[in-house]
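Dear colleague,

Here is the structure that I promised to hand over, and my notes on what was found in it follow below. Please read them alongside the sequence and the model.

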Amino acid sequence: MEDGAGIEAGRICAELIRFDTTNQGEGVARPERPAAEHVAALLAEVGAEPRVVESAPGRASVLARIPGTDPSHPAFLIHGHLDVVPADAADWAVPPFSGEVRDGCVWGRGAVDMKGSLAMTLAAVRQRLREGRRTRGDLVLAFLADEECTGEYGSRYVAREHREVFEGCTEAISESGGFSVEAGGRRIYPVATGERGTTWLRLTARGTAGHGSKPAPDNAVAEIAHAVSRLAAHEWPVRLTPGVRALLDGLAKALGTTIDHDRLDAEAARLGRAGHLFAGTIRNSANPTRLEAGYKVNVVPGTATAQVDGRYLPGTGEEFLATIDRLLGPRVTREFINYEEAPAADPAGPTFTALADALRAEDPEAHPVPYVMAGGTDAKSFHRIGITSYGFAPLRLTPDLDYFGMFHGVDERVPLDGLAFGTRVLDHFLDTR
């Protein structure tokens with residue numbers, strides 16, 4: 001593939017950032033429709049036949065299915081999201097929706113998560129279609145709304161209401177993997193083969209409402225505070241899943257070291273950025289994130305609520321919820337705001353091998369390793385309909401760029417040469433599909 005596609009990836013990334021697709025959650029979001037129409041126009045321009053579908057007014061996703069050369073070969077899905085988390089311009093060195101190019105990078109909210117990845121996909125697909133190059137099986141593209149909340153207006157909607165688009169797909173790639181991490185003089189490329197499950201909870205404590213000057217033996221505010229404190233103080237035990245064991249083995253081999261499985265917190269600190277790859281996925285977690293109670297200082301409220309972001313490792317869901325219930329105690333109830341299983345892919349199968357080979361084709365010094373994500377993606381929605389996703393948004397990065405720190409952070413940016421690299425890697429991989 002010529003570098004022209006890489007240049008185009010930088011341009012498309014900047015264009016996409018300029019669409020403010022902020023998702024504040026709980027159904028409050030700027031419409032993805034303008035960005036979706038832009039993506040659809042880019043695909044239509046090179047002969048694809050995209051569809052813009054809406055789950056609610058303005059909440060739009062783009063779907064396209066590009067025929068391959070062999071109708072009997074399995075189709076393959078590339079999915080990603082158009083929405084972004086909020087950004088406070090006062091905290092940024094550049095306006096967060098400017099798409100400004102500075103110091104060899106495209107800056108703006110979504111550069112990392114994940115409009116840069118969408119731009120690489122679009123640039124690679126557009127170049128292949130201009131050149132008349134097709135994948136063997138059908139190539140399915142999904143550019144989605146609402147990933148930064150529950151996916152109800154995006155991936156869940158299209159998987160439920162437009163299932164026919166994904167007929168014959170069993171595997172996919174999407175965000176949060178394939179980027180380089182410098183460690184021990186080596187370039188590690190974590191390719192995501194799984195992610196923790198999601199358990200967002202609403203907790204409720206109930207008591208007797210009354211005057212704030214009187215005794216309150218069943219104070220709901222105190223009860224929820226005690227429960228949240230117990231959750232925050234709990235030390236979750238280490239649970240090594242097959243995916244995390246594969247990562248540890250891969251890192252040890254790539255770095256020429258040993259990793260002591262009995263002291264993984266210390267090992268994560270010792271290994272620096274390589275340690276970040278497993279520090280958040282060796283145990284479950286439950287972080288209190290919101291509290292709400294009362295309306296006046298001299299009134300004891302009858303109820304108090306809290307919200308908790310819970311994440312659990314594959315195979316530990318029952319243990320996780322049992323622990324939550326024990327910590328909450330009998331006077332606090334819980335309900336799910338969002339519950340998603342923990343999907344996993346094969347770290348030793350042919351698709352992982354093809355992804356690793358595509359990285360090595362552009363970087364002979366690459367050390368691809370399997371990786372389990374601490375957070376979650378739209379992969380969960382597609383897992384429900386039998387599609388296994390790998391996290392693969394390839395970028396070769398300079399050692400000074402804190403890529404992890406820019407996810408949902410300030411001054412989000414992606415290098416132009418990294419986008420060009422990733423576009424070429426995706427093209428190599430698509431040759432195997």
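This is a predicted model: local features need pLDDT of at least 70, side-chain atom pairs count only at pLDDT 80 or more; totals for chains, interfaces and linings use all residues.

Residues are numbered from 1 along each chain as its sequence is written, and side-chain values use heavy atoms, with hydrogens and water left out.

**The chain as a whole**

The chain has 13 helices and 20 strands, where helices (H or I, at least four residues) and strands (E, at least two) are DSSP runs numbered from the N terminus. Its radius of gyration is 23 Å, close to the 22 Å that the globule rule gives for 433 residues, so the chain is as compact as a globular protein of that length; the radius is taken over C-alpha atoms, and the rule is 2.2 Å times the number of residues to the power 0.38. Along its principal axes the C-alpha trace spans about 80 × 55 × 45 Å. Of the 433 residues, 54% are buried (buried means under 20% relative accessible area, exposed over 50%, and partly exposed in between, with a 1.4 Å probe and protein chains only). Among contacts (heavy atoms within 4.5 Å) with a separation of 6 or more, 79% are between residues 24 or more positions apart.

**Phe76**

Phe76, in strand β5 (residues 75-81), counts as buried because its relative accessibility is 4%. Leaving aside neighbours within four places in sequence, Phe76 is in contact with Asp138, Leu139, Val140, Cys169, Glu171, Ala172, Ile173, Phe429 and Arg433. Phe76 and Ile387, which are 311 residues apart in sequence, have their C-alpha atoms 9.3 Å apart in space.

**Salt bridges**

With a salt bridge taken as a side-chain nitrogen of Lys or Arg within 4 Å of a carboxyl oxygen of Asp or Glu, the count comes to 39. One of them joins the side chains of Arg128 and Asp431, at 2.9 Å from N to O. This pair links distant parts of the chain, with Arg128 in helix α3 (residues 111-130) and Asp431 in the segment after α13 (416-430), 303 residues apart. Arg128 is buried, at a relative accessible area of 4%. Another salt bridge is formed by Glu131 and Arg133, at 2.8 Å from N to O; Glu131 is partly exposed at 38%, and Arg133 is partly exposed at 25%. Arg160 and Glu152 also form a salt bridge, their closest N and O atoms being 3.5 Å apart. Salt bridges that share partners join Glu8, Arg11, Glu15, Glu45, Arg126 and Arg130 into one network.

**Asp411**

Asp411 lies in the loop between α12 (403-406) and β20 (413-415). Asp411 is buried yet has no salt bridge, and the nearest side chain of opposite charge, Arg413, is 5.3 Å away (Lys and Arg count as positive and Asp and Glu as negative, while His and the chain ends are not counted). A polar atom of the Asp411 side chain does, however, lie 2.7 Å from the backbone nitrogen of Ala93. Not counting residues up to four places away in sequence, Asp411 touches Asp91, Trp92, Ala93, Val94, Trp107 and Met406.

**Backbone geometry to check**

Most residues other than glycine have a negative phi, and most peptide bonds are trans. Against that background, the peptide bond from Asp113 to Met114 is cis, with omega near -10 degrees, and Met114 lies in helix α3. Asp103, which is not a glycine, has a positive phi of about 55 degrees; Asp103 sits in the loop between β6 (101-102) and β7 (105-107) and is exposed at 69% relative accessibility. His408 likewise has a positive phi, near 65 degrees; His408 is found in the loop between α12 and β20 and is partly exposed, with a relative accessible area of 45%.

Methods: A polar contact is a pair of N or O atoms within 3.5 Å; within protein, one must be able to donate a hydrogen and the other to accept it, and residues adjacent in sequence count only if both atoms are side-chain atoms.
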